[in-house]
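Notebook open, viewer open. I want to go through this one piece by piece and jot down what I look up.

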Amino acid sequence: GQTIGIIGGGQLGRMMALAAKEAGFRVAVLDPAMDSPCGQVADIRIVAAYDDQQALAELAEASDVITYEFENIDYEGLKKVMDYAYVPQGAELIRITQDRRIEKMELEKAGVPVAPFVIIESVEDLEEQVGKIGYPSILKTARGGYDGKGQVKLTSPEDLSEAAELIRNTPCVLEKVIPFTKEISTIIHRNAAGECHILPIAENIHVNHILHQSIVPARVTHTIEKKAEQAAKQIAEHLSLVGTLAVEMFVIEDDLIINELAPRPHNSGHYSIEACNVSQFHQHIRAVCGWPLRKPILWESSIMVNLLGQHVAPAANQLTKHPEWSLHLYGKKEAKHDRKMGHITVMTDDLERTLFELEETGIWS
Ligand code: ATP
Ligand code: MG
Ligand code: MG
């Protein structure tokens with residue numbers, strides 16, 4: 001059989017690997033951790049840094065197709081791998097999405113709306129440019145941020161000194177705070193033949209900048225749904241996407257603003273494992289392997305709730321009471337506070353009632 005090589009061994013890699021194995025592939029994974037979530041289910045484990053050239057060569061040697069589970073892999077390293085291995089998603093997608101400056105410029109080129117922003121590369125830039133964006137605004141590091149890490153919110157000039165600290169270390173983007181009514185995400189898959197499908201749109205609730213809940217289908221108007229699908233398609237075509245792209249969006253009344261991209265399966269798409277005829281992971285494997293894609297169908301409305309370290313034990317205690325919960329654990333040993341340990345998906349014919357019942361458990365409060 002063929003082997004799929006995955007760069008990155010976290011939970012996304014693990015769920016990709018499980019889907020790949022169902023489709024009959026063998027899986028090789030590169031991750032620096034001895035006992036990574038993906039390493040536990042892979043056939044071949046290479047324990048080394050993501051930019052270790054020899055390890056990448058070893059992964060390429062073992063694999064027929066190479067994919068990645070996150071965007072912060074080494075761009076130059078990936079380009080070298082492409083000289084001797086098949087990486088259908090390419091390195092360009094990584095170059096663009098691992099740097100907010102480039103990502104925002106590409107979004108503008110794709111013709112979709114983004115929040116007003118300026119690139120800030122020095123403290124002088126900040127002093128000069130903050131007036132263009134005004135308050136409230138958010139300063140975000142250009143590279144490496146996730147779960148709101150590497151961000152400073154500016155509500156008045158008093159916050160400039162904290163912002164200056166962030167810029168001293170790394171280039172940033174300053175963007176206007178959007179008074180959104182909702183956050184949604186659109187996950188789009190595309191294969192090399194240009195076949196393209198979008199999963200049902202998720203409505204995302206964040207707590208402390210970490211995704212807490214995804215509600216599907218998103219409770220938005222038909223207009224927003226169509227605009228979101230159109231924007232995702234436009235971006236995918238502009239990037240000549242192969243694989244998976246998650247597009248995070250802000251809804252303001254009947255308009256959309258694109259927040260950011262992730263060139264991989266996304267936390268807000270986990271519901272598709274149970275609630276759709278094709279999961280985001282299966283579709284990803286199909287897309288990178290050049291298989292025809294499936295047209296997604298949502299079997300039932302669903303809610304995905306993340307289990308962070310502090311939620312695992314209380315959730316386990318309530319499992320007998322909730323046979324309707326699909327529980328996923330990622331095989332991480334230490335249940336550290338705020339660490340993503342797993343998630344629960346609940347399919348329901350009554351979203352509001354199920355949201356209320358989840359709240360009532362007290363697990364997430
Ligand atoms: P992720 O874990 O999704 O990669 P991240 O650290 O890359 O997160 P963003 O998605 O850019 O950060 O921002 C995190 C959250 O902060 C958003 O989901 C949104 O709730 C809020 N936020 C970010 N930018 C803005 C904005 N311009 N206006 C209003 N809220 C914003
Ligand atoms: Mg991000
Ligand atoms: Mg985000």
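**Entry: ground rules and domains**

I keep in mind that this is a predicted model. I looked up the domain assignment, and it gives domain 1 as 3–87, domain 2 as 116–176 and domain 3 as 182–360. I also checked one spacing: the C-alpha centres of domain 2 and domain 3 lie 29 Å apart.

**Entry: the parallel sheet**

In what order do the strands of the open sheet with parallel pairing run? I read off β3-β2-β1-β4, four strands. The edges are β3 (44–47) and β4 (65–68); each has a single partner strand, so one side of each is left without a neighbour in the sheet. From one strand to the next I get an average twist of 20°.

I then zoomed in on β2 (residues 26–31) and β3, which run parallel and are joined by four bridges. One residue pair I noted there: V29 has R45 in β3 as its bridge partner. Helix α2 packs on this sheet and touches β1 (3–7), β2, β3 and β4. The direction of α2 makes about 175° with that of β2.

**Entry: α2 against α3**

While on α2, I followed it to its helix neighbour. Helix α2 covers residues 53–62 and helix α3 covers residues 75–84; their axes come within 10 Å and cross at roughly 35°. The crossing of α2 past α3 is right-handed. Which residues meet here? From α2 I have Q53, L56 and A60, and from α3 I have G77, K80, V81 and Y84. Sorted by class, this contact has four nonpolar, two polar and one charged residues.

**Entry: the antiparallel sheet**

Next I went to another open sheet, also of four strands, with the order β5-β8-β6-β7 and antiparallel pairing. Which strands stand at the edges? They are β5 (117–120) and β7 (151–154), each with a single partner strand, so one side of each has no neighbour in the sheet. The twist here averages 20° from one strand to the next.

I picked out β6 (residues 137–141) and β8 (residues 172–176), an antiparallel pair joined by five bridges. S137 has K176 in β8 as its bridge partner. Two helices on this sheet went into my notes. Helix α5 (residues 100–109) packs on it, touching β5, β6 and β8, and its direction makes about 50° with that of β8. Helix α6 (residues 123–133) also packs on the sheet and touches β5, β6 and β8; its direction makes about 175° with that of β5.

I followed the chain into the loop between α6 and β6, where P136 is found. The peptide bond from Y135 to P136 is cis, with omega near -10°.

**Entry: β9, β11 and β12**

Strand β9 (residues 182–190) pairs with strand β11 (residues 202–207) in the antiparallel sense over two bridges. A202 in β11 is the bridge partner of S185. β11 also pairs with strand β12 (residues 210–216), antiparallel over five bridges. On that side I noted N204, whose bridge partner in β12 is S214.

How many residues sit between β11 and β12 in their hairpin? I count two, and N208 in the turn has a positive phi of about 50°. H209 is placed in the loop between β11 and β12 as well. Its phi is near 70°, a positive value in a residue other than glycine.

I kept going into the loop between β12 and α8 (222–238), where P217 is found. The peptide bond from V216 to P217 is cis, with omega near 0°.

**Entry: α1 against α10**

On the α1 side I listed M15, M16, A19 and A20, which meet F281, H282, H284 and I285 in α10. The residues of this contact divide into six nonpolar, two polar and no charged.

Technical notes:
Residues are numbered from 1 along each chain as its sequence is written. Chains are lettered from A and ligands numbered from 1 in the order in which they are written. This is a predicted model: local features need pLDDT of at least 70, side-chain atom pairs count only at pLDDT 80 or more; totals for chains, interfaces and linings use all residues. Two residues are in contact if their C-beta atoms, placed from the backbone, lie within 7 Å. Ala, Val, Leu, Ile, Met, Phe, Trp, Tyr, Cys and Pro count as nonpolar, Asp, Glu, Lys and Arg as charged, and the others, Gly among them, as polar. Domain bounds come from an automatic or database domain assignment. Two strands pair if DSSP finds at least two bridges between them. Axes are lines fitted to C-alpha atoms, for helices over the stretch in contact, and angles run from 0 to 180 degrees between N-to-C directions. A crossing is left-handed if the near helix is turned anticlockwise from the far one by less than a right angle, and right-handed if clockwise.
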